[in-house]
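Here are my notes on this model, for your reading alongside the coordinates. Please go through the points in order.

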Amino acid sequence: MYGNYVLLKVNSAPLIDGDHCQTNNEFNYMFDGTTDQGKMFLSVAMLAFSAQKPVNIAGYNDQCGAWGVENLYHLSILN
């Protein structure tokens with residue numbers, strides 16, 4: 001976490017369609033961990049990490065926050 005922001009790094013290279021704003025080499029996705037949606041994203045990310053489950057993750061291709069990290073749009077655990 002950095003302030004209110006949670007930064008995520010994925011193990012595989014993200015598939016990016018069309019234009020994108022992602023320029024950060026350290027992290028792929030970010031979200032505000034203080035919002036209701038952010039708290040849900042954080043819970044799902046922690047559960048998937050602790051259970052070592054793969055996830056389906058997507059961001060807004062053209063919306064990056066600070067540091068050239070794409071804003072998170074969707075996160076779900078795969079079976």
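**Notes on the sheet and its surroundings**

1. Strands β1 (residues 5-8) and β2 (residues 29-32) run antiparallel and are joined by four bridges. Within this pair, leucine 8 sits opposite tyrosine 29 of β2. Keep in mind that the model is predicted.

2. Next, the other pairing of β2. Strand β4 (residues 70-77) runs parallel to β2, and two bridges join them. Tyrosine 29 stands opposite glutamate 70 in β4. Methionine 30 has asparagine 71 of β4 as its bridge partner. Now β3 and β4. Strand β3 (residues 55-64) is antiparallel to β4, with six bridges between them. Alanine 58 has histidine 74 in β4 as its bridge partner. The hairpin of β3 and β4 leaves five residues between the strands. Tryptophan 67, in that hairpin, takes a positive phi near 65°.

3. What is the order of the strands in the sheet? The four strands form an open sheet, ordered β1-β2-β4-β3, with mixed pairing. β1 and β3 stand at the edges with a single partner strand each, so one side of each has no neighbour in the sheet. From one strand to the next, the twist averages 40°.

4. Then the helix. Helix α1 (residues 36-51) packs on the sheet. The strands touched by α1 are β1, β2, β3 and β4. The direction of α1 makes about 55° with that of β4.

5. Glutamine 22 lies in the loop between β1 and β2. Is glutamine 22 buried or exposed? Its relative accessibility is 12%. The cut-off for buried is under 20%, so glutamine 22 counts as buried.

6. Glutamine 22 and valine 69 are 47 residues apart along the chain. Their C-alpha atoms are separated by 5.3 Å. When viewing this pair, recall that glutamine 22 belongs to the loop between β1 and β2.

Definitions and conventions:
Residues are numbered from 1 along each chain as its sequence is written. This is a predicted model: local features need pLDDT of at least 70, side-chain atom pairs count only at pLDDT 80 or more; totals for chains, interfaces and linings use all residues. Side-chain values use heavy atoms; hydrogens and water are left out. Two strands pair if DSSP finds at least two bridges between them. Buried means under 20% relative accessible area, exposed over 50%, partly exposed in between (1.4 Å probe, protein chains only). Axes are lines fitted to C-alpha atoms, for helices over the stretch in contact, and angles run from 0 to 180 degrees between N-to-C directions. Contact means heavy atoms within 4.5 Å.
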